[in-house]
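Here is a short note to read beside the model. Keep the view open and follow the points in order.

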Amino acid sequence: MLGPHNSAFGQSVAIDKNTIIVGAPLEVDKKIGDYPIGAVYIFVRFGDVLQQQARLISPDANDANGEELESFGHSVSIIGELLVVGAPKKGFNPTILDMEVGAVYVFVRDDGFWQKPVRLNAIDSRKGTLFGETVAVSEDAIVIGKPNDSDQSGTIEGIGSIYIVSLFPTPSVLSGSYPSDISIALTCESYCNTIYYTIDGSEPAIDSDGLPLDSTIEYKEPILITDNTTLKYISVGPAGTTTVKTANYVIDRVNPVLEEVTSPINGSTLGELSSIEGIASDDEAGVEQVEIIIQDTTTQQFANMDDEGVFHGWTDTPTWIKANGTTAWQVDTSNIAFVTNNTYTVIARTVDLASNI
Ligand SMILES: [Ca+2]
């Protein structure tokens, strides 16, 4: 199979199932002008025969500035009904004279017809950075290479970068522990038609007609989570079905328990006090932090200690001192200036991972 004269037909190729993509980035289109704008050819195999399904060009190839070399089709990648085409020498837009920043076009095939593409730009691009020099696509993401990119200040050139467009859905609430019911919205930004999920721990699955199987549910409205739940979710779009992602939610309505201060024992008379120790427990989420206040009951003042364990004297305002450990906790008090014959009171509290106190 041969391409048009001087078109660089075959500069890039890609295949998925019966569809073959060929880039011809130097092709001249006489209808638009005398300069190379590039083209992409799509062939579909029927039995042993390859038939041309479409010839695609950049929808903004006739920019007012007459960009002479766009290299549309320099890179191509296809999966399912989603085609990504790089044009690494494309100008930013007709009104900004910063040429050769590169652009990427995403085409979706609907019922055999290729729709008008969406153009992706690297908004921080500078001339000659070659956004779209390379492209790759899977069910999960579009990846775009910009091999001549410089660092953010623009002083170190040619370090390169990549851009990733995720095709995954995103839950509105992150995995974690929460003290009450939560409502989770699932959204996806681009190239996703339908989201499916399960809340029983099984893998979401759909049949060949896109109908949910077994305990799989088509997402239509936010999901109310009232108990510990494993949420698994996928999205389906022109690229196919994404890999299953999982989020875990713990609903913890139970306050943590500060079992006791184990050392020193309440009422002790001590020669020195180098540490205060105790135990705590929590249902569901688990203990996150134990804190104590140490009060001198003789002077009514409070020990002031920072998170690094440095003692800053006695003050009139209580300071919560963070303990080390969780279910078995300990505060190093060897730096605190206790006064002989004074008495001291310890107040302790604990918070769990769902923020219950
Ligand atoms: Ca709890």
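1. How far apart do the C-alpha centres of domain 2 and domain 3 lie? They lie 44 Å apart. The chain is divided into domain 1 (12-166), domain 2 (170-251) and domain 3 (257-352). These bounds come from an automatic or database domain assignment.

2. A word on the source. Residues are numbered from 1 along each chain as its sequence is written. The model is predicted: local features need pLDDT of at least 70, side-chain atom pairs count only at pLDDT 80 or more, and totals for chains, interfaces and linings use all residues.

3. The largest nonpolar core has 56 residues. Such a core is a set of buried Ala, Val, Leu, Ile, Met, Phe, Trp, Tyr and Cys residues joined through C-beta atoms within 7 Å. Domain 1 and domain 2 each give this core at least three residues.

4. Ile 21, Val 85 and Val 104 have the most contacts inside the largest core. Contact means that two C-beta atoms, placed from the backbone, lie within 7 Å. Leaving out residues up to four places away in sequence, Ile 21 touches Val 13, Ala 14, Val 40, Ile 42, Val 76, Ile 78 and Leu 83.

5. Look at Glu 100, in the loop between strand S6 (82-87) and strand S7 (103-110). Strands are DSSP runs of E, at least two residues long, numbered from the N terminus. Why does Glu 100 count as buried? Because it has 22 C-beta neighbours inside 10 Å. The cut-off for buried is 20 or more other C-beta atoms within 10 Å; exposed is 12 or fewer, and partly exposed is in between, with C-beta atoms placed from the backbone. Glu 100 touches Lys 89, Gly 91, Lys 127 and Gly 128, again not counting residues up to four places away in sequence.

6. Two strands pair if DSSP finds at least two bridges between them. S11 (residues 141-146) and S12 pair over 6 bridges. Ala 141 stands opposite Ser 166 in S12.

7. Another open sheet of 3 strands runs S23-S24-S29, also antiparallel. Its edge strands are S23 (257-263) and S29 (328-332). S23 and S24 (residues 275-281) pair over 5 bridges. Glu 260 stands opposite Ile 279 in S24.

How values were computed:
Helix = DSSP H or I, 4+ residues; strand = E, 2+ residues; numbered from the N terminus.
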